[in-house]
Amino acid sequence: MKSVILSSTKELSQSEWLEIRRQGIGGSDAAAILGLNPYSSAFSVYMDKLGLAPPTDETEAMWLGTKLEPIIADRFAEQTGMAVQRRNAIYQHPEYPWMLANIDRWIVGQNAGLEIKTTNMLNRTKFEEGEIPPSYYVQCVHYMAVTGAEEWYLAVAVLNKAFHIFHVDRNEEEIATLVQAERRFWEDHVQKQVPPAPDGSD
């Protein structure tokens, strides 16, 4: 399977990029749809896709994560010996056009990608014991589904504390389950403009 390039991101403005993202479900949306994102929900994703949500202001954490991304990518390359590259594109699943991916990096010479995260010590995940937050894991599964990658890497910088690298193998059963959940959300809620039930989150 080969993904489709929906759009180059090199010349896109922020507003144009957001408008394209509304055409489908991205990696950061996937965990929210499943109820696994502590900062978002299926209802908020629904509001965003229909353009009903107010613009989201960039937080300090979001700004810092963006600025540190190339540094973390370089550190991943140094520690693993694998070269990485930007792709500057929004990818689209060839069979499910509502599945989109804007990946952080691609691993040169491999059918694999890299997701980059920054967090802090308040994140109680036991990274040193191999634990991955469910929202991070689902994002990797989504990207493998869209791109056809056989594996995905995750680089997590716990600011002022530690740096962790994880490896996620492609699992067809997990991908099929995720695709089914995303299809239901897109077809039953977004396309029909029927909001999912609020889950009690902010």
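This is a predicted model: local features need pLDDT of at least 70, side-chain atom pairs count only at pLDDT 80 or more; totals for chains, interfaces and linings use all residues.

1. The chain contains six helices and eight strands, and along the sequence they follow the pattern β-α-α-α-α-β-β-β-β-β-α-β-β-α. The radius of gyration is 16 Å, close to the 17 Å that the globule rule gives for 202 residues, so the chain is as compact as a globular protein of that length. Taken along the principal axes, the C-alpha atoms fill a box of roughly 45 × 40 × 35 Å.

2. Burial and contact range. Of the 202 residues, 42% count as buried. Among contacts in the chain with a separation of 6 or more, 68% are between residues 24 or more positions apart.

3. The sheet. Five strands make up an open sheet with mixed pairing, in the order E2-E5-E6-E7-E8. Strand E2 (84–85) and strand E8 (162–169) are the edge strands, each pairing on one side only. Helix H4 (residues 60–80) packs on this sheet and touches E2, E5, E6, strand E7 (151–158) and E8. The direction of H4 makes about 125 degrees with that of E6. Helix H5 (residues 134–147) lies across E5, E6, E7 and E8, and runs at about 145 degrees to E7.

4. Pairing around E6. Strand E5 (residues 105–107) runs antiparallel to strand E6 (residues 112–119), and two bridges join them. Trp 106 has Gly 113 as its bridge partner in E6. On the E7 side, the pairing with E6 is parallel and extends over eight bridges; Leu 114 is partnered there by Tyr 153 of E7.

5. Strand E7. How many residues of E7 are buried? The count is eight of eight, and the strand is described as mostly covered. In a regular strand the side chains alternate between the two faces of the sheet. In E7, Glu 151, Tyr 153, Ala 155 and Ala 157 lie on one side, with Trp 152, Leu 154, Val 156 and Val 158 on the other, and both faces are covered.

6. The largest nonpolar core. This core has 37 residues, of which Ile 103, Trp 152, Val 156 and Phe 185 touch the most other members. At least two residues each come from helix H2 (27–33), helix H3 (42–49), strand E3 (89–92), H5, E7, E8 and helix H6 (172–190). The greatest contribution is that of H5, with eight residues. Beyond its neighbours up to four places away in sequence, Phe 185 touches Ile 25, Ile 33, Ala 42, Val 45, Tyr 46, Val 190 and Pro 196.

7. The second core. A separate core of 13 residues includes Leu 68, Ala 73, Leu 114 and Ala 155. Leu 68 lies in helix H4. Neighbours within four places in sequence aside, Leu 68 is in contact with Thr 118 and Leu 159. The C-alpha atoms of Leu 68 and Lys 117 are 9.2 Å apart in space, although the two are 49 residues apart in sequence.

8. Helix H3. Which residues of H3 are buried? They are Ala 42, Val 45, Tyr 46 and Lys 49. Seen down the axis of H3, these buried residues fall within an arc of 100 degrees, so they line one face of the helix. An α-helix has 3.6 residues a turn, so residues three or four places apart point the same way. The buried residues of H3 pack against helix H1 (14–21), H2 and H6. Just after H3, Gly 51 adopts a positive phi of about 70 degrees.

9. Ser 41 is in the loop between H2 and H3. With 6% relative accessibility, Ser 41 also counts as buried. On the same exclusion of residues up to four places away in sequence, Ser 41 touches Ala 32, Asp 199 and Ser 201.

Terms used:
Residues are numbered from 1 along each chain as its sequence is written. Side-chain values use heavy atoms; hydrogens and water are left out. Two strands pair if DSSP finds at least two bridges between them. Helices (H or I, at least four residues) and strands (E, at least two) are DSSP runs, numbered from the N terminus. Contact means heavy atoms within 4.5 Å. Axes are lines fitted to C-alpha atoms, for helices over the stretch in contact, and angles run from 0 to 180 degrees between N-to-C directions. A nonpolar core is a set of buried Ala, Val, Leu, Ile, Met, Phe, Trp, Tyr and Cys residues joined through side-chain atoms within 4.5 Å. Buried means under 20% relative accessible area, exposed over 50%, partly exposed in between (1.4 Å probe, protein chains only). The arc is that of the directions from the helix axis to the C-beta atoms. The radius of gyration is taken over C-alpha atoms; the globule rule is 2.2 Å times the number of residues to the power 0.38.
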